Amino acid sequence: MLEGKAVVGETDMLQTMQKDALHLASKALDIFEASESTDIARFIKKDFDKAYGPGWQCVVGTDFGSFVTHCHGCFIHFCIGSLAILLFRGVVNQTDEAQFFLNMGSVNA
């Protein structure tokens with residue numbers, strides 16, 4: 001419904017992923033009220049996790065700032081009316097993540 005009214009601010013995604021993001025946002029706005037930003041974010045994030053693998057983060061709102069680290073090719077910020085949507089896949093170093101959990105285990109022991 002609102003897909004054609006989306007204005008992309010910044011992105012490094014491939015066109016197909018951008019279209020998916022805009023389509024999902026439009027679909028979410030058909031299901032949820034614009035004021036239900038957490039539900040919209042959850043809807044978009046879960047679908048991107050299924051389609052493109054885990055680690056996606058989604059922020060939806062009318063007034064927020066951000067400064068994030070993301071995987072190359074996995075970032076888009078766009079607006080639909082006054083609603084802004086930030087979707088990105090976070091960078092996770094699996095070696096560092098494994099070491100973190102090992103350290104947490106020894107701290108809690």
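**An aromatic cluster, then cysteines and a glutamine**

Begin by selecting Y52 in this predicted model, where Y52 counts as partly exposed at 26% relative accessibility.

Next, show the side chains of W56 and F48, whose ring centres are 4.9 Å apart and whose planes meet at 70°, so that the pair is edge-to-face; both F48 and W56 are buried. Viewed together, F48, Y52 and W56 are linked into a cluster by ring pairs. In the whole model the count comes to four aromatic pairs, and one of them is formed by F48 and Y52, a tilted pair with 4.9 Å centre to centre and 40° between the planes.

Now turn to the cysteines and select C71 together with C74. How far is the sulfur of C71 from the closest cysteine sulfur? The distance is 5.1 Å, to the sulfur of C74, which is too far for a bond; C71 itself counts as partly exposed, at 24% relative accessibility. C58, by comparison, is buried, with a relative accessible area of 17%. The count of disulfides comes to zero.

Finally, select Q18, which lies in helix α1 (residues 15-31) and is buried, with a relative accessible area of 12%. If neighbours within four places in sequence are left aside, Q18 is in contact with T11, M13 and I76, so display those side chains as the last stop.

Notes. Residues numbered from 1 in each chain as written. Predicted model: local features only at pLDDT ≥ 70, side-chain atom pairs only at ≥ 80, totals over all residues. Heavy atoms only, no water. Helix = DSSP H or I, 4+ residues; strand = E, 2+ residues; numbered from the N terminus. Buried < 20%, exposed > 50% of the residue type's maximum accessible area, 1.4 Å probe, protein only. Contact = heavy atoms within 4.5 Å. Disulfide = S-S within 2.5 Å. Phe/Tyr/Trp six-rings, centres within 6.5 Å; stacked < 30°, edge-to-face > 60°.
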